[in-house]
Amino acid sequence: MNFHTRKWIKPEDLNPNGTLFGGRLLEWIDEEAALYAIIQLENQKVVTKYMSEINFISSASPGDIIEIGIEVNKFGKSSIDLKCEVRNKMTYETIITIESMVFVNLDENGKPLPHGKTEVEYQAERMKKKGF
């Protein structure tokens, strides 16, 4: 799993218990996964279709640094299915796991658009294909 984004837990991210608010974390996860889908599908028009059970395993406290990891489960005809793990950057303790998040590739009219992708493509590979 590749961990791309790090977040520093600040007072505005907390719930009344003084720990990381789950809704804030889900916002960060949805944004990170959408960006990952956009980059893999090479299309800025993607939408979240589905998110499986969200497993909160531990929490985060003010000052903690967390990191969000994303991995591809599979490519569909017009979708991409991702998995996510969020962990504490310093302790590597898992905070949350989501086994499946499906994003759909859309055309200019907002309809599902086949993307033709079958495997993860990394930036270095893409740059080689484009002559960089």
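Predicted model: local features only at pLDDT ≥ 70, side-chain atom pairs only at ≥ 80, totals over all residues.
Biologist: In what pattern do the elements of the protein chain follow one another along the sequence?

Modeller: The pattern of the protein chain, read along the sequence, is β-α-β-β-β-β-β-α. Helices (H or I, at least four residues) and strands (E, at least two) are DSSP runs, numbered from the N terminus. Residues are numbered from 1 along each chain as its sequence is written, and side-chain values use heavy atoms, with hydrogens and water left out.

Biologist: How many salt bridges does a search of the whole structure find?

Modeller: A salt bridge is a side-chain nitrogen of Lys or Arg within 4 Å of a carboxyl oxygen of Asp or Glu. The search finds nine. In one of them, arginine 24 pairs with aspartate 13, the closest N and O atoms being 2.6 Å apart. Arginine 24 belongs to helix 1 (residues 22-41) and aspartate 13 to the loop between strand 1 (2-8) and helix 1, so the pair ties together parts eleven residues apart in sequence.

Biologist: Is aspartate 13 buried or exposed?

Modeller: Buried means under 20% relative accessible area, exposed over 50%, and partly exposed in between (1.4 Å probe, protein chains only). Aspartate 13 counts as buried because its relative accessibility is 3%, whereas arginine 24 is partly exposed at 25%. Of the 132 residues of the chain, 39% count as buried.

Biologist: Which salt bridge do the side chains of glutamate 67 and arginine 87 form, and where do the two residues lie?

Modeller: The side chains of glutamate 67 and arginine 87 meet at 2.5 Å, N to O. The pair links distant parts of the chain, with glutamate 67 in strand 4 and arginine 87 in strand 5, 20 residues apart. Both residues are buried.

Biologist: What does lysine 74 touch?

Modeller: Contact means heavy atoms within 4.5 Å. Leaving aside residues up to four places away in sequence, lysine 74 touches Ile80 and Asp81. Lysine 74 lies in strand 4 (residues 65-75) and is exposed, because its relative accessible area is 54%.

Biologist: Where is methionine 90 found, and is it buried or exposed?

Modeller: Methionine 90 is in the loop between strand 5 (79-88) and strand 6 (94-105). With a relative accessible area of 63%, methionine 90 is exposed.
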